[in-house]
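Please look over the sequence and the three-dimensional structure shown here.

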Amino acid sequence: MFTSMAGRAVVVTGGSRGIGKGIAAVFARSGARVLITGRDEAQGALAAAELGAEFLRADVSSKRDCEQMAVTAAERLGGIDVLCANAGIFPGAVLDELTEDILTEVLDVNVKGTFFAVQACLPALRASGRGRIVVTSSITGPITGFPGWTHYGASKAAQLGFLRTAAIELAASGITVNAVLPGNIRTEGLASMGAEYEQQMTAAIPMRKLGTVEDIGYAALFFATDEAAYITGQTIVVDGGQVLPESPEAVG
Ligand code: NAP
């Protein structure tokens, strides 16, 4: 049995839809007090009302917005016990078409955004005495590749490079730093890639279905528990077995 999350203060970046909203929902149902962020004010307010969470408009690629996020968490939640650094973007572009602007945007949001969110929350996480950082990475980059996502894969692998050293730096403060690596999860972001992409992905997954946002939320929740206090610098793949087949024939 795990210790209750009731009353814990949890910040989820990019919690206004998709995986982040699923993570926020799992924490909220566990009794945690949750602050979600995103750039779209209307979408964020809607999600917050649905979840019973707080919302702040904040862009993770802005250091100042991340600092404001930590200030707001202190005001509205009384601190931060858990940071889920989840906000991320994945505009596709093959190498020949990848512009400097797209590359910069993806690295700014996915990599610098992870750094800024973590840095801003560190004082509160230290004060918590049982701080938890859970990064949403991906199988794409750390384990697999897919044409059109060199930049995205590099950004998701960079998050793991970040967390392994951050875990060492923060270990003495009792803060753990871990990551969830989702496979293909049914989200608004994924839906924008079209039905054909979804069919291809489903066929490549041994469980023959995409994951749900809650599947990722439960893995994040596990890392946040008191019982996971001795686990740091680690990853959990949540993908229905997608990374396992040696060839398409192995899926059957
Ligand atoms: P999504 O449905 O597009 O949702 C992205 C969330 O992040 C939204 O709340 C969005 O709100 C927010 N966001 C985007 N850019 C932001 C920024 N600069 N600052 C603050 N918030 C920002 O995407 P998703 O599929 O849930 O992906 C979430 C995370 O999971 C990403 O890190 C992604 O790499 C990872 N992931 C997803 C999948 C998948 O299958 N879906 C698989 C592996 C990994 P606003 O647009 O309003 O800012």
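## Ligand surroundings

In this predicted model, a backbone N or O atom of Gly183 lies 3.3 Å from an oxygen atom of the ligand, which is a polar contact in the sense of a pair of N or O atoms within 3.5 Å (within protein, one must be able to donate a hydrogen and the other to accept it, and residues adjacent in sequence count only if both atoms are side-chain atoms). Taken alone, the ligand exposes 880 Å², and the protein buries 96% of that, with areas computed by the Shrake-Rupley method using a 1.4 Å probe, only the protein chains shown counting as cover in the case of residues.

The ligand is surrounded by 30 residues, of which Ser16, Ile19, Arg39, Tyr152 and Ile185 are the closest; a residue counts as near if one of its heavy atoms lies within 4 Å. By class, this shell holds eleven nonpolar, 13 polar and six charged residues, where Ala, Val, Leu, Ile, Met, Phe, Trp, Tyr, Cys and Pro count as nonpolar, Asp, Glu, Lys and Arg as charged, and the others, Gly among them, as polar. The largest contribution from an element comes from α6, with three residues; helices here are DSSP runs (H or I, at least four residues), numbered from the N terminus.

## Cysteines

A search of the whole structure finds zero disulfides, a disulfide being a pair of cysteine sulfur atoms within 2.5 Å. Cys66 is in no disulfide, and the nearest cysteine sulfur, that of Cys121, is 7.5 Å away, which is too far for a bond. Cys66 counts as buried because its relative accessibility is 1%, and Cys121 likewise counts as buried at 0% (buried means under 20% relative accessible area, exposed over 50%, and partly exposed in between, with a 1.4 Å probe and protein chains only).

## A positive phi

Most residues other than glycine have a negative phi. Arg208, however, has a phi near 60°, a positive value in a residue other than glycine. Arg208 is found in the loop between α7 (195-204) and α8 (213-224), and at 38% relative accessibility Arg208 counts as partly exposed.

## Basis of the values

Residues are numbered from 1 along each chain as its sequence is written, and side-chain values use heavy atoms, with hydrogens and water left out. As the model is predicted, local features need pLDDT of at least 70 and side-chain atom pairs count only at pLDDT 80 or more, while totals for chains, interfaces and linings use all residues.

Note on methods
Helix = DSSP H or I, 4+ residues; strand = E, 2+ residues; numbered from the N terminus.
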